[in-house]
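Me: I have a model open and want to learn how to read it. Can we take the features one by one?

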Amino acid sequence: MEAKLVNKEAFKAVGAKWVGTFEQAAKDDIKIFHKEFLKRKTELKSALNPENIFGLSYHITQNGFTYYLALEVEDGTAIPEEMELITVPACTFACIEYKGKAVHEAYTNLYTWIKENGYTLTQNGLEHLEEYPGSFDPVNDVPELKIHIPIMI
C-alpha cells in the first residue's frame, strides 16, 4: 500500500442515496445499489467525467451510514428524480489506490497510516470518498477503487 496526500477542490455531484446498516452493506446491498446506479448514470447529461464515479460515505453511526454514488456535475445541473445534489468541500485526503477483495483491510491500513504519520481525521461529515472507474461492475469485478479519507494537516 502506497498512501499519499491528495488535495481536492470543492465540487458538486449528483447521485443516488442509500441508507443502511453495516450488516446490509456486507450482504451486498451496496453492490446491488451500485449496479442500479450504473443503469441510471446516463441520466446525468452534464456530468463532467462520467467515467469517474464517486462513492461518498456520510454520517457513520454505530449501526450504519449514508452512502451516495454520484458523478461530478456543473452548477445548475438538472437533478433526476430520486437523486440528490451533494456539495463536497475542499479537503486534504489520505489516499490509496486499491484492487482486491479485502477492501476493509485497505481501509484499516490507511487509517493506520494516518495515525502513524500524525494526521487527524477531519470532522466535516464526509467520512470517506471513493472513486470507481465507470466500467466497474460491482457484482462481477474484483473491487478497484481509490480510497480517500479526509484529514487535517
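**Reading the model, feature by feature**

Reply: Start with a loop residue. This model is predicted. Thr77 sits in the loop between β4 and β5 (84–88).

Me: Is Thr77 buried or exposed?

Reply: Compare the relative accessible area with the cut-off: buried means under 20%. Thr77 has 15%, so Thr77 is buried. The side chain of Thr77 also makes a polar contact of 3.0 Å with the side chain of Ser46.

Me: How does the lining of the largest pocket divide by class?

Reply: The count is 16 nonpolar, four polar and five charged residues.

Me: Let me follow β8. Why is β8 described as largely enclosed by the rest of the structure?

Reply: Count its buried residues. Six of the eight residues of β8 are buried, so β8 is largely enclosed by the rest of the structure.

Me: Which strands are joined to β8 by bridges?

Reply: Take them in turn. Strand β3 (residues 52–58) runs antiparallel to β8, with seven bridges between them. In that pairing, Gly55 stands opposite Glu130. Strand β9 (residues 144–152) is also antiparallel to β8, with three bridges. There, His148 in β9 is the bridge partner of Leu129.

Me: And the nonpolar core?

Reply: In soluble globular proteins, nonpolar side chains tend to be buried together. The largest nonpolar core here has 32 residues. Phe37, Leu44, Tyr67, Tyr98, Leu110, Ile114 and Ile147 touch the most other members. At least two core residues come from each of β2 (11–21), α2, β4, β6 (91–99), α3 and β9.

Me: Which element supplies the largest share of this core?

Reply: Helix α3 does, with six residues.

Me: One more residue, then. Where does Tyr107 lie, and is Tyr107 buried or exposed?

Reply: Tyr107 is part of helix α3. Its relative accessibility is 12%, so Tyr107 counts as buried. Tyr107 and Ile149 are 42 residues apart along the chain, yet 8.8 Å separates their C-alpha atoms.

How values were computed
Residues are numbered from 1 along each chain as its sequence is written. This is a predicted model: local features need pLDDT of at least 70, side-chain atom pairs count only at pLDDT 80 or more; totals for chains, interfaces and linings use all residues. Side-chain values use heavy atoms; hydrogens and water are left out. Ala, Val, Leu, Ile, Met, Phe, Trp, Tyr, Cys and Pro count as nonpolar, Asp, Glu, Lys and Arg as charged, and the others, Gly among them, as polar. Helices (H or I, at least four residues) and strands (E, at least two) are DSSP runs, numbered from the N terminus. Buried means under 20% relative accessible area, exposed over 50%, partly exposed in between (1.4 Å probe, protein chains only). A polar contact is a pair of N or O atoms within 3.5 Å; within protein, one must be able to donate a hydrogen and the other to accept it, and residues adjacent in sequence count only if both atoms are side-chain atoms. Two strands pair if DSSP finds at least two bridges between them. A nonpolar core is a set of buried Ala, Val, Leu, Ile, Met, Phe, Trp, Tyr and Cys residues joined through side-chain atoms within 4.5 Å.
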